Amino acid sequence: MRRVIQNLTFFFCFFMPINYAYAQTTIEVAVSYRERIALPPLAELHLQLLDVSRADAAAKQLASQRYRITGVPMQVTLHYDTGLIVSEGVYSLDASIWSGDVRIFRSAEIYDPFSPSQDAPLEMILSAIEEAEAARPIQQRITGVEWAVTEVAGEPWLNEDPATLIIDDEMSFALFGGCNRFVGQLMQLDSGISFPANFAGTMMACPDGLERLERSVLDALPQVTSYVRYRSGLVFMDASGIAVMHFTERPE
């Protein structure tokens, strides 16, 4: 009987499942807030890494951590699983300060932790909750900005003179495709935006490389149904929530 138990023990030990370690890395964040007021005792910072790739679905939480606030600015480290990050995704850090069950500060804009221009630590400025909620719709505006194309259909824009897009308050757009210029009327829908199938433009003869890049832009625009703006970036997505074009804001 003892020999049987020993054999069973060996069997279970040998076939115990192995816990493989996740490929983790960290994001360094420095958090402060605008108002010069003292925080309540035992206030906590709540930091989240969110996947905001789909405009037609709620943001998906990829990592989160709470920290007891010892002072501001406060520098913290957020661990996340690199296996959850994909190149075509759109991500954002969200931070808020809580006093018990009451949220009193939050980030009023979207912070992209993976932006190539982002310094470390990433500096996040929080606002009192009333101000933050009032400011959030403004961050979604895409008009009155010159947007430069950085990527189309997963391919980076390699030319030094990128295609650009400007949309005015009447939703009229002016597009420089890299060679030719186009104008048209953008349609704003309840759930997003839509470009017309045809719009006016010049018909200049373009070098082969530029013509291919410009054609990729013109082919991508009719697929656009929604967008996400994050800080100085803009992503156009198709009906499946897949990113088809990436832009960055050009300084005035």
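All five residues of strand E16 (residues 226-230) are buried, so this strand is largely enclosed by the rest of the structure. Buried here means under 20% relative accessible area, exposed means over 50%, and partly exposed lies in between, with a 1.4 Å probe and protein chains only. Strands (E, at least two residues) and helices (H or I, at least four) are DSSP runs numbered from the N terminus. The model is predicted: local features need pLDDT of at least 70 and side-chain atom pairs count only at pLDDT 80 or more, whereas totals for chains, interfaces and linings use all residues. Residues are numbered from 1 along each chain as its sequence is written, and side-chain values use heavy atoms, with hydrogens and water left out.

Both faces of E16 are covered, with Ser226, Val228 and Tyr230 buried on one side and Tyr227 and Arg229 buried on the other. E16 pairs with strand E17 (residues 233-237) in the antiparallel sense over five bridges; pairing requires that DSSP finds at least two bridges between two strands. Within this pair, Tyr227 stands opposite Phe236 of E17. Two residues lie between the strands of the E16 and E17 hairpin, where Arg231 takes a positive phi near 50°.

Phe236 is also part of the largest nonpolar core, which has 28 residues; Phe236, Phe195 and Met245 touch the most other members. A nonpolar core is a set of buried Ala, Val, Leu, Ile, Met, Phe, Trp, Tyr and Cys residues joined through side-chain atoms within 4.5 Å. At least two residues of this core come from each of E8, strand E10 (164-167), strand E11 (172-176), H3, E17 and E18. The greatest contribution is that of H3, with four residues.

The largest pocket holds about 540 Å³ of space. Pockets were located on a 1 Å grid over the protein atoms alone, as open sets of points where a 1.4 Å probe fits, with protein on both sides within 12 Å along at least five of seven lines; lining residues have an atom within 4 Å of a point. Grid points are joined across faces, edges and corners, and the volume is the space filled by probe spheres set on the points. The lining of the largest pocket comprises 21 residues, of which Asp112, Phe114, Ser115, Pro116 and Tyr230 lie nearest the centre. Tyr230 is one of the buried residues of E16. Strand E8 (146-152) and strand E18 (243-249) each supply at least two lining residues, and E18 gives the most, with three. By class, eight lining residues are nonpolar, ten polar and three charged. In this scheme Ala, Val, Leu, Ile, Met, Phe, Trp, Tyr, Cys and Pro count as nonpolar, Asp, Glu, Lys and Arg as charged, and the others, Gly among them, as polar.

Six salt bridges are found in the whole structure, each being a side-chain nitrogen of Lys or Arg within 4 Å of a carboxyl oxygen of Asp or Glu. One of them joins Glu44 and Arg66 at 3.3 Å, N to O. Glu44 lies in strand E2 (residues 44-51) and Arg66 in strand E3 (residues 60-68), so the pair ties together parts 22 residues apart in sequence. Glu44 is partly exposed at 24% relative accessibility, as is Arg66 at 39%. A network of salt bridges links Glu44, Arg66 and Arg68.

The side chains of Glu146 and Arg250 form another salt bridge, at 3.7 Å, N to O. With Glu146 in E8 and Arg250 in the segment after E18, this pair ties together parts 104 residues apart in sequence. Relative accessibility is 30% for Glu146, which counts as partly exposed, and Arg250 is partly exposed with a relative accessible area of 30%. In helix H3 (residues 208-220), Arg215 and Asp219 are four residues apart, separated by about one helical turn, and their side chains meet in a salt bridge at 3.4 Å, N to O.

Most residues other than glycine have a negative phi, and most peptide bonds are trans. A cis peptide bond joins Val72 and Pro73, with omega about -5°; Pro73 is in the loop between E3 and strand E4 (74-81). Ala153, in the loop between E8 and strand E9 (155-156), has a positive phi of about 50° and is exposed at 60% relative accessibility. Met171, in the loop between E10 and E11, has a positive phi of about 70° but is buried at 11% relative accessibility.
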